[in-house]
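Trainee: Hi, I'm new to this one. Can you walk me through it?

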Amino acid sequence: MNKTVLAAIIVVIAMLGFTYVAVGGAGGMGGENDWVNKLAVLGAVVLVIVTAFVVTKYVRQMQFDRASGKLADENWDGIGEYKNELPFGWAVIFLGMTIWAIWYFLVGYPVNAYSQIGEYNEEVAAHDAKFEAQYANMDDATLKEMGGSIFIVQCAPCHGLQADGMDGKAANLNHRIAEASIKHVIQNGSNNQLLGMEMPMPDRNGLMNANTGALITDAEIDSVAKYVAGGMKGTAGADVFAGVCAACHGPDGKGMDMVAPNIAEFNPTLVANVLKHGKKGVIGQMPAFNNLTEVQVKALGAYVTGLSK
């Protein structure tokens, strides 16, 4: 017997033995009606036998077959190509696959027809609509309770469970704005769409102090940053704020519609705009969270607003 055939028989016997041991170790073939396990074992046996047959066939062809036929006129670095006819089996497979593809795209799964992803999206949309209707008129306590739950899932991984920013990895939401963030905005400008639209703030080269008639200085930046980050209390930095910032942010820092955002405290609208557009600052880039429903955004806005009060 040829060594290749003998090796194939040995491999088949070994693989079938391994399959038998594996099935026995997994609890056998199951009950009388357990056709799934029986078909799986049958498939494994067929796969082993077919693989051994195909490998043996082509190894023997490589050992003993000799090419024949008429060579093409062209050659590539001395390597020629025979003018052999297309194998009949290949032609049948090609034609069958072509028919199957036509059936698949026109009948089986037409373009824009049913899909599991589409069904999932429809179910999510229906659930969101039901959710929005059910919680359309929540009281403040329920709104904040829901916001707290959403915060744990969506926000806490970066801002921390206590919303303290986890040592500077994200903004501390227990305070409206940090001193470092204020300095960064003054020095570099900002356009985070905190008003829900493009409203760029110039960098320090566009910030004039009305009290001095000159551009804001380094000392004034430090002073006003401490003043705003400290909750706009005391007198240190208050004159700089009045001369540089109040014209847009208002004398109390609570912003002006269509002009500048509230930098004195959070409010639900501000939080909603950050969630919708994301935010870029001294810490880095926060992505937008457009996966939330309107009710969820409203609840999260109420919760975050309440953190600093």
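This is a predicted model: local features need pLDDT of at least 70, side-chain atom pairs count only at pLDDT 80 or more; totals for chains, interfaces and linings use all residues.

Trainee: Where does Val54 lie?

Mentor: Val54 is in helix α2, residues 35–64. Helices (H or I, at least four residues) and strands (E, at least two) are DSSP runs, numbered from the N terminus.

Trainee: And how far apart are Val54 and Ile221?

Mentor: C-alpha to C-alpha, they are 79 Å apart in space, and 167 residues apart in sequence.

Trainee: New topic. Which residues form a nonpolar patch on the surface?

Mentor: Ile93, Met97, Trp100, Ile102, Trp103, Phe105, Leu106, Val107 and Val111 form that patch, and together they have about 1000 Å² of accessible area. Patches are made of residues with over 30% relative accessible area and no salt bridge; like charges are joined within 9 Å, and nonpolar side chains (Val, Leu, Ile, Met, Phe, Trp, Tyr) within 5 Å. The areas come from the Shrake-Rupley method with a 1.4 Å probe, and for residues only the protein chains shown count as cover.

Trainee: What about Phe105, where does that one lie?

Mentor: Phe105 lies in helix α3, residues 88–108. Phe105 is partly exposed, with a relative accessible area of 48%.

Trainee: You mentioned salt bridges. How many are there?

Mentor: The count comes to five salt bridges. The rule is a side-chain nitrogen of Lys or Arg within 4 Å of a carboxyl oxygen of Asp or Glu.

Trainee: Why would side chains pair like that?

Mentor: Side chains of opposite charge can pair when their charged atoms come close.

Trainee: OK, what does Glu179 form a salt bridge with?

Mentor: With Lys183, and the closest N and O atoms are 3.4 Å apart. Both Glu179 and Lys183 lie in helix α6, four residues apart, which is about one turn of the helix. Glu179 is partly exposed at 27% relative accessibility, and Lys183 is partly exposed too, at 22%.

Trainee: Which residues are linked with them in a network?

Mentor: Asp222 and Lys226: along with Glu179 and Lys183, they are linked in a network of salt bridges.

Trainee: What about Arg204, what's its partner?

Mentor: Arg204 forms a salt bridge with Asp218, the closest N and O atoms being 2.7 Å apart. Arg204 lies in the loop between α6 and β3 (208–209) and Asp218 in helix α7 (residues 218–229), so the pair ties together parts that are 14 residues apart in sequence.

Trainee: Last topic: what is phi of Asp167?

Mentor: Phi of Asp167 is near 55 degrees, a positive value in a residue other than glycine. Asp167 is in the loop between α5 (140–159) and α6 (179–188).

Trainee: Is Asp167 buried or exposed?

Mentor: Asp167 is exposed, with a relative accessible area of 80%. Met258 also has a positive phi, near 65 degrees. Met258 is in the loop between α8 (238–249) and α9 (268–277), and Met258 is exposed at 57% relative accessible area.

Methods
Residues are numbered from 1 along each chain as its sequence is written. Side-chain values use heavy atoms; hydrogens and water are left out. Buried means under 20% relative accessible area, exposed over 50%, partly exposed in between (1.4 Å probe, protein chains only).
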